[in-house]
Amino acid sequence: MNLIDLIVEPLGYDFMVNALATAVTAAAVCAVLSCWLVLIGWSLMGDAVSHAVLPGVVLAYVLGVPFAIGALLFGFLAVALIGAVRDTSRIKEDAAIGIVFSTLFALGLVLISVTPSNTDLSHIIFGNLLGVSKAELTQIVILGAIALGILLFKRKDFTLFAFDPTHAHAIGLNPKIIGAALLGLLALTSVVALQAVGVILVVAMLIIPGATAHLLTDRFGRMLVIAPAISVACSVVGLYVSYYLDTASGGMIVLTQGAVFGLVYLFSPTQGLLGKRYAASKRRRAAASPEPSQVG
């Protein structure tokens, strides 16, 4: 079997086409948002919100309303609870995040266990990329387009908030509103990625692409291009590998992203572990070499 056959064969199945479209959509949206999460230092908050939406998604299923509504409500509830615990007690923010997200995630697990359903709701936790229907794909694309559109349209405000919230306030922006908007987009993006990798692995898609791009460039504009490019490529490769090796598709996508991060961490020309050592060694050799005028 040649390369063309390897690429074309999976596309002969509708479930693989739907899975590919879902993975690409989720990868692109998560990667763009991850750039801001990494810069602001909201990795733990991303973990908290992505897990805290689980009971909201389950309740939305029970009530027959769109998943996004339940996810947004519980996403904001998680943020409010974290702030309340932090501000009204001696508990620090990282501990408050751990308490709130683990409790809400546990609530989601309990709700899944007691909710009568013809559908196995465990796919919310572990993802069901190969089982995405046309209707679900349509919802994912619409939600993804909304989240991505807002992120790109308001990117200057979000970027200023990430780098200097004090300056943002000085020029008339409200940092609290901008932060709340980012958290709302985080909840919405988590819903987009749920079908692809499930609640447990959503945080990886929300952090790894931005972290990888951050090691490759110092310019935020380039991060917004590099992160989704890497994320989409990893999603396509991971999905194809899972097809031929018969492994979990969501897990393989995240594993591919992790492998690419590992390579960048080691070999990035400016920030890579080995790259920095090579550059330092090259500078030492250059410093030790005699000037041309001193030779002879």
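The structure is a predicted model, in which local features need pLDDT of at least 70 and side-chain atom pairs count only at pLDDT 80 or more, while totals for chains, interfaces and linings use all residues. Residues are numbered from 1 along each chain as its sequence is written, and side-chain values use heavy atoms, with hydrogens and water left out.

Serine 231 belongs to helix α11, residues 220–245 (helices are DSSP runs of H or I with at least four residues, strands runs of E with at least two, numbered from the N terminus). The relative accessible area of serine 231 is 0%, so this residue is buried (buried means under 20%, exposed over 50% and partly exposed in between, with a 1.4 Å probe and protein chains only). Once neighbours within four places in sequence are set aside, Ala27, Ala31, Pro209 and Gln257 are in contact with serine 231, where contact means heavy atoms within 4.5 Å.

The chain as a whole comprises 13 helices and zero strands. Of its 296 residues, 45% are buried. Among contacts with a separation of 6 or more, 73% join residues 24 or more positions apart. The C-alpha trace spans about 90 × 60 × 35 Å along its principal axes.

A cavity is a set of points, on a 1 Å grid over the protein atoms alone, where a 1.4 Å probe fits but cannot get out; lining residues have an atom within 4 Å of a point. Grid points are joined across faces, edges and corners, and a volume is the space filled by probe spheres set on the points. The largest cavity holds about 50 Å³, and its lining consists of Val57, Phe67, His123, Ile124, Val191, Leu194 and Gln195. Helices α6 (123–126) and α10 (175–214) each provide at least two of the lining residues, with α10 giving the largest share, three residues.

How values were computed:
On a 1 Å grid over the protein atoms alone, a cavity is a set of points where a 1.4 Å probe fits but cannot get out, and a pocket is an open set with protein on both sides within 12 Å along at least five of seven lines; lining residues have an atom within 4 Å of a point.
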